[in-house]
Amino acid sequence: MFKTTDVFKKNDTVEVLDSIMGSSKTTKILEWIDSNPNVKYIYVSPLLKEVEEGGRIHTNLNKVSFETPTNDNGSKSDSFLSLLKEGVNVACTHSLYLGMTSEHFNLIAKHGYTVIIDEEIDVIESFDKYSISDLRWLYDNNIVEISEDDGMVTWVGDRNLINDSHKYYTLLCYCDAKALYAAKRSNSMMVTQLPVRLFECAKRVIILTYMFKGNILDSFLKLKGIKCVPFTEVEVTKKSKSDIRNLVNLLPPNSKLINYPMSSSWYKNKASATNISDVSKYIRNTCVSLKCEATDVAWCVPKDRVVKTSRSNKSLIAPKGYTKTASGDHCYLSAMMRATNLYRHKKVMIHCYDRYPHISVTSYLQDFGVAVDNQVFALSELLQWAWRGCIRDDQPMALAIGSKRMYNLFKEWLEEEN
């Protein structure tokens with residue numbers, strides 16, 4: 001929060017442009033920026049390709065120019081800071097925006113920047129770097145304390161011997177940044193939070209997204225007392241569900257997968273080698289039945305069931321003929337992928353992952369009075385992933401969904417009118 005010595009009025013409102021994928025949110029907001037050239041902007045995208053030279057933020061504007069932080073003379077964070085000192089328009093990635101310091105915040109407030117965030121950012125995440133016994137030792141020895149007001153974890157013990165190689169150095173850093181919080185129901189259920197000042201320091205904050213209400217960012221902002229109102233200064237392209245229905249060839253789970261939970265915990269702790277083989281076969285059989293090439297296909301499961309690590313001997317999902325393309329590109333596409341056009345040539349999208357927010361995140365938010373809608377979270381994640389494929393260009397696309405829950409959520413959404 002702003003200190004009482006800060007001279008700038010804090011912003012307590014976020015404006016949300018909530019519109020379906022493919023409705024030209026980004027295009028329309030760039031036109032709006034061009035029509036308001038005297039405003040100072042920070043444009044935040046999840047993708048480096050969108051904000052670096054040659055990206056849309058540079059090529060689609062005529063009256064407004066943006067600078068992108070570089071690491072040519074130090075770190076990108078230092079470059080970002082220098083650009084803010086100059087008061088120029090800045091285009092950066094989510095990760096760089098989330099790493100700002102108080103000096104960045106003060107400059108954003110000083111110059112009255114309008115911040116535009118293209119797609120939601122991860123403002124709250126689970127923190128599981130330490131075991132329950134590690135945390136219990138800290139509590140039992142009065143090394144850390146938890147605030148009853150908001151669950152913030154504070155380091156109150158001796159810190160003289162803790163250097164960057166110490167076991168608890170990472171935890172100490174999060175405490176010092178006022179970024180570590182614990183749920184009421186269990187002090188071992190921890191989350192990291194971004195400072196709410198990310199939103200408070202700007203003159204205006206505009207978020208471009210879809211299915212905002214009830215999702216994690218909505219819940220976080222409610223918890224912090226930030227009001228959310230519609231952004232109404234642009235008119236997006238109307239997208240009809242009937243048009244989408246005509247484009248999607250929706251394929252259900254098969255008789256085996258329909259009984260599998262397919263959640264992250266199931267894949268991690270319970271799925272047998274046979275189960276994993278069944279998922280691989282589902283992906284392959286879908287591709288074969290559609291007579292498609294590997295280059296036409298993208299599929300998703302949890303990453304730890306695709307990438308082998310030295311610590312694990314778990315069976316991996318590797319559908320024969322559909323793990324890589326002839327050029328060596330992976331057919332696997334992370335379930336968290338969004339906002340990119342790099343996969344717009346994919347004609348077959350196969351989703352085999354039942355999505356839920358992390359239990360530590362939902363527990364913390366619920367314990368302090370706000371709830372995340374698990375159905376909204378799952379559906380929005382599925383839609384963002386599926387719309388990486390060719391349907392974003394209004395081209396026919398096959399969408400196979402291996403999880404019964406995810407299939408039903410999508411089918412219900414597809415059958416609803418706008």
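Arg 405 and Asp 354 are both buried, where buried denotes a relative accessible area under 20%, exposed one over 50%, and partly exposed the range in between (1.4 Å probe, protein chains only). The model is a predicted one, in which local features need pLDDT of at least 70 and side-chain atom pairs count only at pLDDT 80 or more, whereas totals for chains, interfaces and linings use all residues. Residues are numbered from 1 along each chain as its sequence is written, and side-chain values use heavy atoms, with hydrogens and water left out.

The side chains of Arg 405 and Asp 354 meet in a salt bridge with an N to O distance of 2.5 Å, a salt bridge being a side-chain nitrogen of Lys or Arg within 4 Å of a carboxyl oxygen of Asp or Glu. This pair links distant parts of the chain, with Arg 405 in helix α16 (residues 404-415) and Asp 354 in the loop between β14 (348-351) and α14 (359-367), 51 residues apart; helices (H or I, at least four residues) and strands (E, at least two) are DSSP runs, numbered from the N terminus. In total, the structure holds 15 salt bridges.

A further salt bridge joins Lys 10 to Glu 200, with 3.8 Å between the closest N and O atoms. It too links distant parts of the chain, with Lys 10 in the segment before β1 (13-18) and Glu 200 in helix α9 (residues 197-200), 190 residues apart. Lys 10 counts as partly exposed because its relative accessibility is 40%, whereas Glu 200, at 2%, counts as buried. Asp 218 and Lys 222 also form a salt bridge, their closest N and O atoms lying 3.6 Å apart; these residues are four positions apart in helix α10 (residues 216-223), so they are separated by about one helical turn. Asp 218 is buried at a relative accessible area of 4%, while Lys 222 is partly exposed at 47%.

The chain contains 16 helices and 15 strands. Its radius of gyration of 23 Å is close to the 22 Å that the globule rule gives for 418 residues, so the chain is as compact as a globular protein of that length; the radius is taken over C-alpha atoms, and the rule is 2.2 Å times the number of residues to the power 0.38. The C-alpha trace spans about 65 × 60 × 40 Å along its principal axes, and 52% of the 418 residues count as buried. Among contacts (heavy atoms within 4.5 Å) with a separation of 6 or more, 76% are between residues 24 or more positions apart.

The largest pocket holds about 1,700 Å³ of space. On a 1 Å grid over the protein atoms alone, a pocket is an open set of points where a 1.4 Å probe fits, with protein on both sides within 12 Å along at least five of seven lines, and lining residues have an atom within 4 Å of a point; grid points are joined across faces, edges and corners, and the volume is the space filled by probe spheres set on the points. Of the 48 residues that line this pocket, Met 336, Arg 355, Tyr 356, His 358 and Phe 377 are the closest to its centre. Two or more lining residues come from each of α5 (94-97), β5 (124-127), α10, α12 (264-270), α14 and α15 (374-386), with α15 giving the most, five residues. By class, the lining has 21 nonpolar, 16 polar and 11 charged residues, where Ala, Val, Leu, Ile, Met, Phe, Trp, Tyr, Cys and Pro count as nonpolar, Asp, Glu, Lys and Arg as charged, and the others, Gly among them, as polar.

In helix α6 (residues 102-111), the buried residues include His 104, Phe 105, Leu 107, Ile 108 and Ala 109, and the buried residues of α6 pack against β2 (41-45), α4 (76-86) and α9. Gly 112, which follows α6, has a positive phi near 65°. Positive phi values also occur in Met 211, at about 60° although it is not a glycine, and in Lys 291, a residue other than glycine, near 55°. Glu 293, in the loop between α13 (273-289) and β13 (297-300), is exposed with a relative accessible area of 54%.
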